[in-house]
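Have a look at the structure, then read on.

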Amino acid sequence: MSAEPASNLLRRPGPPDPVPDSDPPKAFDPRFTEVVRPQARLVSLYDQAVFSEGPVWWPARNILVWSDIEGRRVLGWHPDGCVRVVIDAAPFINGNTVDRNGDLIHCEHGNRRLSRTTPDGRSSPVVETYEGRRFNAPNDVVCAADGALWFTDPAYGLRLPRQGALAESDLGHHSVYRFDPGTGRVRRIVDLGQPNGLAFAPDERTLYVSDTSRTEGGDEHSIHAYPVGSDHSLGEPRIFAEIEPGVPDGFRVDHRGWIWTSSGSGVQVFSADGHRLGLIPTPQTCSNCCFGPGERRLFITAQAHLYAVDLAGG
């Protein structure tokens with residue numbers, strides 16, 4: 001894959017576009033209106049992707065990066081409003097995160113691995129196998145405070161030709177892994193039906209993982225909360241929230257411990273104790289979200305679109 005081709009401008013600098021058919025935020029708890037004002041509205045930053053996913057703020061480049069999985073590109077929104085191609089001919093990249101070195105880490109459905117892109121555009125593999133066998137299709141990834149990469153590995157990229165390559169699983173299970181860049185060790189942490197999004201609580205004593213096996217004929221459409229031990233093992237989980245409508249495809253945790261999750265109706269927001277606080281409706285089913293600097297803006301991926309909504313109290 002190549003980084004930043006010469007003809008990579010997709011949207012010229014300019015203000016965002018209003019979204020006339022978006023409903024206002026819905027508060028179910030007064031705490032929600034302290035962060036998402038009743039007058040807050042979605043704006044459209046880009047609307048020409050094929051299937052948007054994996055948003056993350058990349059401080060080294062001061063851009064919002066997200067994946068157009070089916071368009072096989074990684075895109076970047078700049079604060080002046082322009083959108084550029086960051087990676088072209090991408091191997092069906094899904095989730096992204098930033099590691100402790102400031103590099104961008106990708107989940108590649110096509111190559112069934114994690115890879116890295118440095119701020120100057122160099123790319124390289126990060127981890128490709130578990131016990132000598134290829135992963136299924138790494139989906140989402142987070143970087144812990146100690147630099148370890150935790151990622152989910154469902155089977156979607158093996159079953160959806162628009163998002164990967166049809167193949168049988170080499171592993172026979174769908175799992176969450178922890179990769180230690182210092183030792184090179186890959187550890188299988190827990191198995192789920194279809195593990196998808198994941199995020200740590202602010203103190204990293206809880207790991208949230210969504211199981212979205214409802215999309216594959218199963219029952220799960222929930223976020224599980226796991227206590228994290230000092231040896232990085234996970235304790236007995238509890239169901240943090242069951243998401244209706246749709247599934248919790250991707251989500252983020254803010255500095256308060258609130259969970260902001262995608263769903264069939266938009267971004268649903270829950271307090272750390274699982275109380276539903278509010279909803280930011282989206283015209284299309286959203287896939288994921290992330291915060292900009294200082295949690296002053298929420299970026300939302302939804303099919304062809306990259307949306308944003310300004311927040312208060314970041």
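The lining of the second largest pocket splits into 6 nonpolar, 13 polar and 4 charged residues. (Nonpolar covers Ala, Val, Leu, Ile, Met, Phe, Trp, Tyr, Cys and Pro; charged covers Asp, Glu, Lys and Arg; the others, Gly among them, are polar.) Keep in mind that this is a predicted model, where local features need pLDDT of at least 70, side-chain atom pairs count only at pLDDT 80 or more, and totals for chains, interfaces and linings use all residues. Residues are numbered from 1 along each chain as its sequence is written, and side-chain values use heavy atoms, with hydrogens and water left out.

**Second largest pocket**
- This pocket holds about 400 Å³ of space.
- Phe51, Gln163, Thr215, Val247 and Asp249 are the closest to its centre, out of 23 lining residues.
- A pocket here is an open set of points on a 1 Å grid over the protein atoms alone, with protein on both sides within 12 Å along at least five of seven lines, and a lining residue has an atom within 4 Å of a point.
- Points are joined across faces, edges and corners, and a volume is the space filled by probe spheres set on them.

**Largest pocket**
- Here you get about 760 Å³ of space.
- Among its 25 lining residues, Val56, Thr97, Cys143, Arg252 and Val253 lie nearest the centre.
- The lining has 16 nonpolar, 3 polar and 6 charged residues.

**Largest cavity**
- A cavity is a set of grid points where a 1.4 Å probe fits but cannot get out, and the largest one has about 40 Å³ of space.
- Its lining includes Ser22, Asp23 and Val309.
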